[in-house]
Amino acid sequence: MNADVSSSGPPLVELKGISKRYGDLLANDGIGLSIEPGEIHALLGENGAGKSTLVKILYGVIEPSAGEIRWEGRPVSIGSPVEARALGLGMVFQHFSLFDELTVAENIAVALSGDWSLSTVRAKLGEISRTYGLALDADRAVWTLSAGERQRIEIVRCLLQKPRLLILDEPTSVLTPQEAEHLFGTLERLSAEGCSILYISHKLEEVRRLCRRATILRAGRVVATIDPRASSAREIAALMVGNEVGEVRTDAPQRIQGEMLRVANLSLPPAGLHGQALRNIDLVARAGEVVGIAGVAGNGQSELFAALSGERLADRADAIVIAGKPSGTLGIDARRRLGAAFVPEERLGHAAAPTHRLSENTLISHAASEVSRSGFILLNAAKRVARSIVQGFDVRTPEGDPQARKLSGGNLQKFVIGREIIRRPKLLIVDQPTWGVDAGAARLIRQALVDLARDGSAVVVVSQDLDELFEVADRMAVIHQGSLSPLRPIGEWTREAVGLEMLGVAQAPGATHAV
Amino acid sequence: MRFELTPRTNVNSAMRIAASIAAFITSFLIAGFVIWLMGRSPIAAFDVYVLQPLADPWSLQELVVKATPMALIAIGLSYCFRANLWNIGAEGQYVIGAVLGSWIALRTHGTEAGAWVLPLMLLLGILGGAFYGLIPAFLKTRFGVNEILTSLMLVYVAQLTLDYLVRGPWRDPKGFNFPQSVTFDPAATLPPVFEAGRVHYGAVFALVAILVTAVVLGRTLFGYRLKLTGDAPRAARFAGFSSKATTMAVFAISGGLAGLAGISEVSGQIGQLQPSISPGYGFTAITVAFLGRLNPIGILVASLVVALTFIGGESAQILLKLPLDLTQAFQGILLMCVLAADALVSYRVRLVNRGGGK
């Protein structure tokens, strides 16, 4: 490896006219991008703008249809991640590739090429941990670690190979605000040592905090390369989305009425080996309000959703009361008949069957309603329902009644949320309503949730996106290791307070959620 | 170098039908090649296997007789397979259905028992098969035991039970020590559909089962439940469909239909119990179900096609001295060709260079 780190010569890496075509879709269209040594460069764009495709090309995972990559001025072809790593690229993926059962050191050792023994890994790990403030216990099993710690493993794994360019894909999506701040410190330190960083995100604030140059992608093209500190968040958002993103209107008159959901002292053992137990959850949602549940991924959100929806039953009927009826031991269908509706986190495979048409997918949650009669499916009614969801929620479909998998993430999410809202539920429980959804769709979904509450339903939104909760929620609680903090009006929460609750170190006055 | 499968975007039904026809032609070509390698004329073999049985009225009846149990079993299996549950033990359910139904026939043998005998036999045949099918379903839902293993192993239990019965307690005392039961009375015999014909009422049961299944799978919530359970099990739970109830239901249905096939075959075709009452219908029906793409009408066609290979195989053995194993080999070739054609029509195959731009 060459050692001319801080030369004033050519950029470390330069992409010229990179294009990638999938059938009719041009995922990348003539993209140009250059990164200087030691620079923290942001790659901004909505979901589906082509960020992942571009990064996968750079990392040798996919082959570009056209274009050139220059590394320190020399044209190179990167045929595989192995070649990318040999060149000096390191990548931290959004979804971790770790073995839960192995220890930290073992996980790092398996990913490195042969000549690393476990003891060298351990020694190096200690060294890097100290240098960059990435505290890690080499002998802990991965499944006992938080998402932030898991991410550190991935980062350390890259750093062991002394990368010249580190690529991070949405690194803060699983972190608390405090953990994110810690990560920024590490990245700045790396940058000061001459390591370039390509930072992929759709969160403007952190890009402005960290980067001096940002390349903005929209629909596969570079729309601008800017200094994010010199532009307002609104201007950048407009560049990303292509038009002004409106804000969610929450000013409709609000009438809080009776309790639609009361959860009292709900505890559940973990479902699987690595599941999270629920501990003494108390929660009330009243008609007319949006209740937000914040928390870092993996703190019991999916367990809470499964318990509320009835996919997992509680041991006492009165642990969950829906519309006045003790429902803890009722299945999901019975809860739907009480007027509840549910939208799980996973769109494909959980909320919708990928290979089924939208009309068939309406059957999943409408089985008790107008789409069937005495056990028979009313196909025309199902098609009608699907059509009114598509129209009412601006679902863009490639054909009249397509398979669910043919919809983009945002459009399918609009469909599965619309499918529940169109039933006019008295209680709607949504897990991660806008996860991986573009800004336009996210706004539409949030507005629909707020409108439903203003029309007199109770809405419970479980989300990792704090901005989203501050935008839509009337009251909020934070879930941490299966315990829920007290519900408080949204105005009483600050980001810092939420962050402390997420870490489980809050000392809220009067809080009584002992573990 | 490696193969990459990319899904084709617009596949219409005409392409699928064309692919099925191509699969048939290909399998005939392969089989013809094998026959040529064995030193026989492929043309003569085609004549013996396909044309002669179709030209002869007796063979045509035989075709329906052979297709009947396979269609009944396969249509039942399609319930399981759609829900991604693997009942491999239809052969056992078929045998137990036959045994339980025959019990009535043997108890009433030589008595004046009337018209209630046959319906009761059929009912017990269905119940016996359903009960036997529920054993692996129960073991799966209660203890998480793999249903493929248990259903398959129970086949041997059923076959040995039948073997014991016809060699022991149920042996015909006047049967010169042959391991077989007495011949059923007329009251316990499933009559032919047409006077003096070979086709018995089992064929009607099969047709009814196919039509009912077409409605159930295509038009009812229960049918959708199976499809959803098979295609997206988490979505099925989300829809409120209990996977345990689904498992029990489809095993009961497929076991019941296999049992009905068994008692129909014994009472309408064989006329007594003997150590072997099936040339492997329960296993061949798995092939039939997939040849028919788990579609009721497809299964009807596939059962006739496979029955043709059985009959053609028997005459080929006599006329051309071709081994009967060739029939099974051909059934395998046919299934592979149909599945391959289906994959090729759904996916585009591309050969890619692993190294990339080197």
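The exercises below concern a predicted model with chains A and B.

**Exercise 1. Describe the side of chain A that touches chain B.**

Solution.
1. Begin with the contact counts: 27 residues of chain A meet 19 residues of chain B.
2. Next, find the elements that supply at least two residues each on the chain A side: helix H10 (332-337), helix H11 (358-366) and strand S18 (376-377) of chain A.
3. H11(A) gives the most, with 4 residues.
4. Finally, sort this side of chain A by class: 11 residues are nonpolar, 12 polar and 4 charged.

**Exercise 2. Why does chain B count as being as compact as a globular protein of its length?**

Solution.
1. Chain B contains 13 helices and 2 strands.
2. For 358 residues the globule rule gives 21 Å, and the radius of gyration of chain B is 22 Å; the two values are close, so chain B is as compact as a globular protein of that length.
3. The C-alpha trace of chain B spans about 85 × 60 × 35 Å along its principal axes.
4. As for burial, 45% of the 358 residues of chain B count as buried.
5. Among contacts in chain B with a separation of 6 or more, 78% are between residues 24 or more positions apart.

**Exercise 3. Check the length of helix H7 (residues 202-219) of chain B, then decide how its buried residues are arranged.**

Solution.
1. The helix has 18 residues, and at 1.5 Å a residue it should span 26 Å. The C-alpha atoms at its ends are 25 Å apart, which agrees.
2. List the buried residues of H7(B): B:Gly202, B:Ala203, B:Phe205, B:Ala206, B:Ala209, B:Ile210, B:Thr213 and B:Leu217.
3. These residues cover an arc of only 145° around the axis, so they lie on the same side of H7(B).
4. On the other side of H7(B), the residues B:Val208, B:Val212 and B:Val215 are exposed.
5. The partners of the buried residues are helix H3 (57-82), helix H8 (221-231), helix H10 (243-270) and helix H12 (296-319) of chain B.

**Exercise 4. Which residues have the most contacts inside the largest nonpolar core?**

Solution.
1. This core has 152 residues, and those with the most contacts inside it are A:Tyr199, A:Leu449, A:Val460, A:Val461 and B:Ala235.
2. Helix H14 (residues 439-454) of chain A provides the largest share of the core, 9 residues.
3. Take A:Val461 as an example: the residues it touches include A:Val290, A:Ile293, A:Leu449 and A:Leu469.
4. Another core, of 93 residues, lies apart from the largest one, and B:Ile104, B:Leu154, B:Leu226 and B:Leu294 are among its members.

Note on methods:
Residues numbered from 1 in each chain as written. Chains lettered and ligands numbered in written order. Predicted model: local features only at pLDDT ≥ 70, side-chain atom pairs only at ≥ 80, totals over all residues. Contact = placed C-beta atoms within 7 Å. Nonpolar A, V, L, I, M, F, W, Y, C, P; charged D, E, K, R; others polar. Rg over C-alpha atoms; globule rule 2.2 N^0.38 Å. Buried ≥ 20, exposed ≤ 12 C-beta atoms within 10 Å, placed from the backbone. Core = buried A, V, L, I, M, F, W, Y, C linked by C-beta atoms within 7 Å. Expected span 1.5 Å × (residues − 1). Arc of directions from axis to C-beta. Lists of a residue's contacts leave out its neighbours within four places in sequence.
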